[in-house]
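Hi everyone, thanks for making time this morning.

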Amino acid sequence: DSNVIHDVGINGIGVSFNWHSRSRITNNHIHHVYGDTDVVYNHGILLALCKGWLIERNLIHDIGYHSVISGLGVNLGACKSVTVRRNEIYGIRGNTDWDAEAIDFENGTDSSVAEFNYIHNTDGVAVLLSGSTELNSVTRKTYYTSRGGVDTSSMGDFNTIRYNIIKNAGLDANIPVIKASASDSVAQTNNAIHNNTIIREDKPA
């Protein structure tokens with residue numbers, strides 16, 4: 001909690017393989033996570049194979065200026081029951097047409113919530129819901145069951161995107177503000193997207 005993290009090369013905060021509920025990342029200022037020519041992606045906050053985390057009241061900006069493909073603000077990879085709320089995220093940059101999302105529910109993240117965030121001035125979409133690949137599904141289920149749990153989710157389902165204020169997200173590429181994309185032709189079901197405020201302004205000539 002309450003860290004100032006800046007001028008780093010890959011990730012501001014990164015956590016992997018942590019299936020413990022009630023962990024949190026809160027009240028941090030993460031900025032100028034640049035990447036370099038050897039880094040494909042870099043992140044403000046990255047969680048992979050985590051469950052039950054809270055990401056709240058963080059200020060995240062200026063991510064990904066020099067990475068090979070893009071930066072991402074908050075990236076959840078194959079996670080479950082994570083809440084991302086009341087964060088301000090802006091200045092997420094991409095060097096290709098890929099990614100540069102403010103919030104990415106990636107690789108079948110499910111049962112998670114993005115709410116009350118203020119997202120503005122990003123190259124990519126504000127929120128991406130990305131379906132699971134077979135490899136991600138097997139990896140997560142193996143990890144979870146090895147710790148005494150039974151993962152019965154179909155991956156990429158039961159997420160909620162609500163009450164966010166989104167301004168000028170994806171404006172440069174004329175891409176969707178909120179996007180759902182499946183992987184391996186696996187449909188996503190029971191995701192709810194509602195009551196978000198979306199503002200788009202034309203760029204000056």
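**An aromatic pair, a sheet and a core**

Let's begin with one side chain: F116 has a relative accessibility of 35%, so it counts as partly exposed. Before I go on, please keep in mind that this is a predicted model.

What sits over the ring of F116? It's the charged end of R86, 4.5 Å from the ring centre.

F116 also has an aromatic partner, Y163. The ring centres of these two lie 5.2 Å apart and the planes meet at 25°; planes under 30 degrees apart count as stacked, so this pair is stacked. The structure holds one aromatic pair, and this is it. Y163 comes out at 37% relative accessibility, and so it is partly exposed too.

β13 and β16 pair in the parallel sense, over four bridges, and Y118 has I165 in β16 as its bridge partner. On we go to β19 (residues 197-199): it runs parallel to β16, and three bridges join the two. There, I166 stands opposite I198.

Seven strands form an open sheet, with parallel pairing, in the order β1-β4-β7-β10-β13-β16-β19. Which are the edge strands? They are β1 (4-8) and β19, each of which pairs on one side only. Ignoring direction, neighbouring strands here are turned against each other by 5° on average.

At the β1 end, the partner is β4 (residues 29-33), again parallel and over four bridges. V4 has H29 in β4 as its bridge partner.

Last stop, the nonpolar interior. As a general point, nonpolar side chains in soluble globular proteins tend to be buried together. Here the largest nonpolar core has 34 residues, and L47, I55, V74, L76 and I103 touch the most other members. Strand β5 (residues 41-50) gives the most to this core, with three residues.

Have a closer look at L47. Leaving aside residues up to four places away in sequence, L47 touches V15, I25, W53, I55, N75, L76, G77, C79 and V82.

That's my tour, and I'm happy to take questions.

Notes
Residues are numbered from 1 along each chain as its sequence is written. This is a predicted model: local features need pLDDT of at least 70, side-chain atom pairs count only at pLDDT 80 or more; totals for chains, interfaces and linings use all residues. Side-chain values use heavy atoms; hydrogens and water are left out. A nonpolar core is a set of buried Ala, Val, Leu, Ile, Met, Phe, Trp, Tyr and Cys residues joined through side-chain atoms within 4.5 Å. Buried means under 20% relative accessible area, exposed over 50%, partly exposed in between (1.4 Å probe, protein chains only). Contact means heavy atoms within 4.5 Å. Rings of Phe, Tyr and Trp (its six-membered ring) pair if their centres lie within 6.5 Å; planes under 30 degrees apart count as stacked, over 60 as edge-to-face and the rest as tilted. A charge sits over a ring if NZ of Lys or CZ of Arg is within 6 Å of the ring centre and within 35 degrees of the ring normal. Two strands pair if DSSP finds at least two bridges between them. Axes are lines fitted to C-alpha atoms, for helices over the stretch in contact, and angles run from 0 to 180 degrees between N-to-C directions.
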